[in-house]
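Here is a short briefing on a protein structure. Look at the model first, then work through the topics below.

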Amino acid sequence: MTKYKKACFIKGSLQRLRESYDQSNDMAEEVKLFKTLSSPFALRVDWALRLKGIQYESVLEDLSEKSDLLLQYNPVYKKVPVLLHNGRSISESLIILEYIEETWKQDPLLPQDPYARARARFWAKFGDDKVLPSLWTAFISEGKEQEAALAEASENLQKLEGELNGKKFFGGDNIGYLDIALGWLANLITVFEEISSLKLVDGERFPLLLAWMEFSDVPLIKDCWPPHDKLIPRFIARRQVYRMKSSST
Amino acid sequence: MAKGGEVKLIGGWPSPFVMRPRIALNLKGLEYEFLEEKFGAKSELLLRSNPVHKKIPVLLHADRPVCESLVIVQYIDEAWPSSGPSILPSDPYDRATARFWAAYIDEKWFPSMSGIARAQGEEAKKAAIDQVVEGLSLLEDAFGKISKGKPFFGGDTIGFLDIALGCFLGWVRVTERTQGLKLLDQAKVPGLAKWAERFCADSAVKGVMPETEKLAEFAKLIMAKFRAPPPQ
């Protein structure tokens, strides 16, 4: 090869290399998750992204001083989590889960069958509308209010126990949408029980649920838990605020 | 008969939530048996089919129950993918947007609507109305962005978000009449005002949207029950 041809060849190769690098940079998607350390809703998004092997950046928000970006991306609720994908924002954790599922098709979180999908969505909504509020109230309230909330929480947990029905996970053999949606139970229950000395999920009434709560030992899940020692004081403080407000009315 | 088995819907004519799956089934051209619940008494079938919430609507497809109106609408879309138009948009971001506003309507906007009738005193009533008007303004903005000049949130045909919001139009009209308000004001929410007319005139909606008069009578009944002193 002449010197000239060699030079052209090298130049051409460098050009192609540069083009393929530019292309892969374009294809590298921007995925950002706006979250707080303790938000169980943001945790769902962390898990979903990790289960699908998606690269993303976490942006920690201070809810007492919300960033301009958060207010811009979630003007209606001004809350976390918010997923930012290639400049477009998606809010509300369960909606984000469905978006992730539909955008990145590997390692599906929802079953294929429409009826099974409907069931998963139904129970996820039940978790948010009924289980979480009743457990939260059982944790922060006192006296008669607490008694009533505990009774309701037990009833709700019993329904979840029934839905597990001998399966390892709500999703069957693998962690799925409903496990992620209810996953906060596996951590917060322990926190609530520690602070309040209540026994919310005991092995006698809820053997399946207790066993399921160990899905949090899966490294992918465990790595995302907020530090226990930070959560305890945070929730003690929130309970304090609620009890002070109630006693002053 | 619908593909894969018989379709039944447990519901009641005044319920906007029941209207949602009815519109979806109509859009898909699916036949179904409407099992009307008697007001004030829940049937055995309902209690058996929805033991968790004991509420309507419940879709029974080959005797398998699906509960929660928006879960049902998505189920209808997924179980009969090749019948009629798609109810949810095809793009994931558009789907997320439709779901977001549907959730907003259920969690914030409709509760604020029912807040008007429940408000005690002039001040509370004004605050409730202001909330609804604010919500409508957000939805007007959303309509502009989502419809992109087309007749519906879903584009050329009624979609998920049209159904999620449109089912409340009967109740909006009743509220306007009983409270002497104009909520779907052409001047304030022109996009939504025109959309509402189109929605109510659509063949998938016409037969299941209750007449305002009938709904107003029903509203009086439940308000009377609501305000009635507790039994001795």
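Which residues of helix H7 (residues 169-179) of chain B are buried? They are Leu169(B), Gly170(B), Trp171(B), Val172(B), Val174(B), Thr175(B) and Glu176(B). Keep in mind that this is a predicted model.

**Helix H7 of chain B**

- Seen along helix H7 of chain B, the buried residues include Trp171(B) and Thr175(B).
- An α-helix has 3.6 residues a turn, so residues three or four places apart point the same way.
- Gly180(B) follows H7(B). The phi of Gly180(B) is positive, near 65 degrees.

**Two domains in chain B**

- Chain B is assigned domain 1 (7-79) and domain 2 (92-220).
- The centres of domain 1 and domain 2 of chain B are 21 Å apart, taken over C-alpha atoms.
- Contact between the two involves 17 residues of domain 1 of chain B and 22 residues of domain 2 of chain B.
- UniProt, in an unreviewed entry, places the feature "domain: GST N-terminal" at residues 5-84 of chain B.
- Over residues 5-84 of chain B, the chain is 36% helix and 21% strand. The end C-alpha atoms of this stretch are 18 Å apart.
- UniProt, again in an unreviewed entry, places "domain: GST C-terminal" at residues 91-218 of chain B.
- Over residues 91-218 of chain B, the chain is 73% helix and 0% strand. Here the end C-alpha atoms are 40 Å apart.

**The sheet of chain B**

- Chain B has an open sheet of four strands in the order E2-E1-E3-E4, and the pairing is mixed.
- Strand E2 (33-36) and strand E4 (64-67) of chain B are at the edges. Each has a single partner strand, so one side of each has no neighbour in the sheet.
- From one strand to the next, the twist averages 25 degrees.
- Strand E1 (residues 7-11) of chain B runs parallel to E2(B), and four bridges join them.
- Opposite Leu9(B) stands Phe34(B) in E2(B).
- Helix H3 (residues 69-79) of chain B packs on the sheet and touches strand E3 (58-61) and E4 of chain B. The direction of H3 makes about 125 degrees with that of E4(B).

**A closer look at Ser69(B)**

- Ser69(B) belongs to helix H3 of chain B.
- Is Ser69(B) buried or exposed? Ser69(B) counts as buried because its relative accessibility is 8%, and the cut-off for buried is under 20%.
- Leaving out residues up to four places away in sequence, Ser69(B) touches Phe17(B), Arg20(B), Pro21(B) and Pro57(B).

**Nonpolar cores**

- The largest nonpolar core has 145 residues.
- Leu160(A), Leu185(A), Trp212(A), Ile23(B), Trp109(B), Leu192(B) and Trp195(B) touch the most other members of this core.
- Helix H4 (residues 92-118) of chain B gives the largest share of the core, 13 residues.
- Why does this core lie between domain 1 (7-79) and domain 2 (92-220) of chain B? Both domains give residues to the core, so it lies between them.
- Trp212(A) has contacts beyond residues up to four places away in sequence, among them Leu164(A), Phe169(A), Asp179(A) and Leu185(A).
- A second, separate core has six residues, including Phe34(A), Leu70(A), Tyr73(A) and Val82(A).

**Chain A in outline**

- How many helices and strands are there in chain A? Chain A has eleven helices and four strands.
- Of the 249 residues in chain A, 47% are buried.
- Take the contacts in chain A with a separation of 6 or more: residues 24 or more positions apart account for 69% of them.

**The sheet of chain A**

- Four strands of chain A form an open sheet in the order E2-E1-E3-E4, with mixed pairing.
- The edges are strand E2 (57-60) and strand E4 (88-91) of chain A. Each has a single partner strand, so one side of each is left without a neighbour in the sheet.
- Neighbouring strands are turned by 20 degrees against each other on average, direction ignored.
- Strand E3 (residues 82-85) of chain A pairs with E4(A) in the antiparallel sense, over four bridges.
- His85(A) has Arg88(A) in E4(A) as its bridge partner.
- Helix H2 (residues 40-51) of chain A lies across strand E1 (31-35), E2 and E3 of chain A. Helix H2 runs at about 155 degrees to E1(A).

Conventions. Residues numbered from 1 in each chain as written. Chains lettered and ligands numbered in written order. Predicted model: local features only at pLDDT ≥ 70, side-chain atom pairs only at ≥ 80, totals over all residues. Heavy atoms only, no water. Pairing = 2+ DSSP bridges. Helix = DSSP H or I, 4+ residues; strand = E, 2+ residues; numbered from the N terminus. Axes fitted to C-alpha atoms, helices over the stretch in contact; angles between N-to-C directions. Contact = heavy atoms within 4.5 Å. Core = buried A, V, L, I, M, F, W, Y, C linked by side-chain atoms within 4.5 Å. Buried < 20%, exposed > 50% of the residue type's maximum accessible area, 1.4 Å probe, protein only. Domains from an automatic or database assignment. UniProt positions renumbered as here; feature names shortened; annotations may be inferred.
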